[in-house]
Amino acid sequence: CHQFYKEFNETFENDYRDSDSDIEALEKTTENSLKCPITGLLLENPVISSACRHTYSRNAVLEYIKNKTHGQVLCPVAACDTPLNQSMLSIDESALTYLKGRQQSMTQDMNLIELQSTGHAE
């Protein structure tokens, strides 16, 4: 019985550890997908291309399109050769919703930290 329990615990701990690394990988993937391919920073006012479905920070992509002086403007994402123009862009509701939720979560976390350190929240 003891050997069974020991083996079960080892298996469970390994599965749990794998699960944690899967979650960390997913979080890293999500975090990377929330970065603007032009600025490398967290998306601001995310817009999506109707042609290739890549998302950019609105001001960054508009500046990118405006500053392209020679030839056709292509998506700035590596290995994506899809043409890009302002009429193809629309608000990325999915990214916007996720970013708002993320911001609310961070605000709640900061309030909790403040409450724990001072005994009261502002």
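User: In this predicted model, how far is the sulfur of Cys80 from the closest cysteine sulfur, and which residue holds that sulfur?
Analyst: The sulfur of Cys80 has its closest cysteine counterpart too far away for a bond. A disulfide would require the two sulfur atoms to lie within 2.5 Å. The separation is 3.8 Å, and the partner is Cys75.

User: How many disulfides does the structure hold?
Analyst: A disulfide is a covalent bond between the sulfur atoms of two cysteines. Cys75 is in no disulfide, since the nearest cysteine sulfur, that of Cys80, is 3.8 Å away, whereas the cut-off is 2.5 Å. For the structure, the number of disulfides is zero.

User: Are Cys75 and Cys80 buried or exposed?
Analyst: A residue counts as buried when its relative accessible area is under 20%. Cys75 has a relative accessibility of 4%, and Cys80 has a relative accessible area of 12%. On these values, Cys75 is buried and Cys80 is buried.

User: In what order do the secondary structure elements run from the N terminus on?
Analyst: The chain contains three helices and three strands. Among the helices are H2, at 58–67, and H3, at 93–118. The strands include S1, at residues 46–49, and S2, at residues 55–57. From the N terminus on, the order is α-β-β-α-β-α.

User: What share of the accessible surface of the chain belongs to carbon and sulfur atoms?
Analyst: Of the 122 residues of the chain, 20% count as buried. The accessible surface comes to about 9,200 Å². The share belonging to carbon and sulfur atoms is 53%.

User: Which element supplies the largest share of the largest nonpolar core?
Analyst: This core has 17 residues, of which Tyr56, Val61, Ile65, Leu84 and Leu89 touch the most other members. Helices H2 and H3 each supply at least two residues of the core. The largest share, four residues, comes from H2.

User: Which strands are included in what covers the buried residues of H2?
Analyst: The buried residues of H2 are Ala60, Val61, Leu62 and Ile65. Val61, leaving aside neighbours within four places in sequence, is in contact with Ile38, Val47, Tyr56, Leu84 and Leu89. Of these, Val47 is in S1. The cover of the buried residues of H2 includes the strands S1, S2 and S3.

User: How far apart in space are Val47 and Asp92, C-alpha to C-alpha?
Analyst: Val47 counts as buried, at 6% relative accessibility. Beyond four places in sequence, the residues that Val47 touches include Leu89, Ser90, Ile91 and Asp92. Val47 and Asp92 are 45 residues apart in sequence, yet their C-alpha separation is 4.7 Å.

User: Among contacts between residues at least 6 apart in sequence, what percentage joins residues at least 24 apart?
Analyst: The pair Val47 and Asp92 illustrates such a contact, being 45 residues apart in sequence. For the chain, the percentage is 40%.

User: Which backbone nitrogen does the side chain of Ser57 reach?
Analyst: Ser57 is found in strand S2 and is buried, with a relative accessible area of 6%. Leaving aside neighbours within four places in sequence, Ser57 is in contact with Cys36, Leu42, Leu43, Glu44 and Asn45. At 3.0 Å, the side chain of Ser57 reaches the backbone nitrogen of Glu44.

How values were computed. Residues numbered from 1 in each chain as written. Predicted model: local features only at pLDDT ≥ 70, side-chain atom pairs only at ≥ 80, totals over all residues. Heavy atoms only, no water. Buried < 20%, exposed > 50% of the residue type's maximum accessible area, 1.4 Å probe, protein only. Contact = heavy atoms within 4.5 Å. Areas by Shrake-Rupley, 256 points an atom, 1.4 Å probe, with all protein chains shown as cover. Polar contact = N/O pair within 3.5 Å; in protein donor to acceptor, adjacent residues only side chain to side chain. Core = buried A, V, L, I, M, F, W, Y, C linked by side-chain atoms within 4.5 Å.
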